[in-house]
Amino acid sequence: MTQIAIDAAFDSGNIEVLSIDGNTARLAITRDHMSEFAQWFHFRVTGAQGEAVELKITGLNASAYPGGWPDYDACVTEDREYWTRAASSFDAGEENGTLTIRYTPAGNVAWFAYFAPYSMERHHDLVSEAAASEGVELVRLGTTLDGQPLDMLEMGEGETQVWLYARQHPGETQAEWWMEGALECLTDPADPVARALRQRCRLHIVPNCNPDGSRRGHLRTNAVGTNLNREWANPNPEKSPEVLAIRNSMDETGVDFAMDVHADEAIPAVFLAGYEGIPSWTDDLGEQFYSYQRILDRRTPDFQTKLGYPKTPAGKANLGMSTNQVAERFGACAMTLEMPYKDLADAPEPEQGWSPERCKLLARDCLAALLEWLDTE
């Protein structure tokens, strides 16, 4: 038996190799820089063609969200295009919580990740292709602390100001797969939903709010350990220039509708979170969100309303979170879209679980729901 090799020194890579014995490895997840968050992993295994490998990621009781590991199967690919699931099991009593991944690669290389990665190279391809479409403008909002550009795409001739932004938390790669689906829809000249939305709305789209954390292989923070989705009340250029640039641009355009795209580690469902608890809450403002939620629930079986976050009590909203800040600041219908790392409890797909393909399909349903919602408003 040959001994496998494990690498993670690439875009969004994250793993620490503790030991390797033949085809078995003990591993640990590296924490976000200047932060205690740890959950995202992404690494490559070579040297085990046709042989079963056993990969043990240890210390997970101390990870950011231990509830994410039970009933979770790791993502795996051999061609970096099609991601499936590797049989995995979690034992909270083994080495302070261990996820054991078992897989037999057909070839000599396999890639494993918490969810299908979305690299910065793919991000630049996405932005460039969209920007080359008729009627689309690329806006460079600013520069991150690592010196990367923060990109926004704008399109549409309508008066309704729509903001779509994703990946404040870089390890939630589902969000940028969703963005890929949204941009493919919106830049398709033959798509009737896209045509109608571009006639009625001015769309402002930030596919990746956190390029530094994405490239560094972080779960939740930027280059200096800042959780961007707690910075919206008082962003600053030293800790959160990304949020400062986005919020300043929102101040220039105004916001009527906003969707902040995320993923949740533990809940096996797609759901929305609203802005209950903001100081300016009214039932009429809340009904705008609930109306959109009902429309999306009717449009796709991949969305549901039974599982989700509890509603925030009156006056207790955290205005450092983007959905609350945007709803309060602009009187907008704002929301957070959450997708799972696990499979959907109500609509499982055993081979892939929740996948990039389903993220992209969900995006078009969200846009179609927005078009219908505009008619109700």
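Mentor: Before we start on bridge partners, a definition: two strands pair if DSSP finds at least two bridges between them. Keep in mind that this is a predicted model.
Trainee: Fine. Which residue is the bridge partner of S88 in β9?
Mentor: I101 is the partner of S88. The strands there are β8, residues 88-91, and β9, which pair antiparallel over 4 bridges.
Trainee: And how many residues sit between β8 and β9 in the hairpin?
Mentor: The hairpin has 6 residues between its two strands. E95, in the turn, has a positive phi of about 45 degrees.
Trainee: How many bridges join β5 to β9?
Mentor: 5 bridges, with β5 (residues 53-57) running antiparallel to β9. One of the bridge pairs is K56 with T100.
Trainee: Is β9 mostly covered or mostly open?
Mentor: Mostly covered: 5 of the 6 residues in β9 (98-103) are buried.
Trainee: Other topic. What is the strand order in the open sheet of 7 strands?
Mentor: The order is β11-β12-β14-β13-β15-β17-β16, and the pairing is mixed.
Trainee: How does β16 pair with β17?
Mentor: Antiparallel, over 3 bridges, with β17 covering residues 333-340. L272 has L337 as its bridge partner in β17.
Trainee: Which strands does α1 lie across?
Mentor: Helix α1, residues 120-131, lies across β11 and β12 (149-155) and runs at about 30 degrees to β12.

Conventions
Residues are numbered from 1 along each chain as its sequence is written. This is a predicted model: local features need pLDDT of at least 70, side-chain atom pairs count only at pLDDT 80 or more; totals for chains, interfaces and linings use all residues. Side-chain values use heavy atoms; hydrogens and water are left out. Buried means under 20% relative accessible area, exposed over 50%, partly exposed in between (1.4 Å probe, protein chains only). Contact means heavy atoms within 4.5 Å. Axes are lines fitted to C-alpha atoms, for helices over the stretch in contact, and angles run from 0 to 180 degrees between N-to-C directions.
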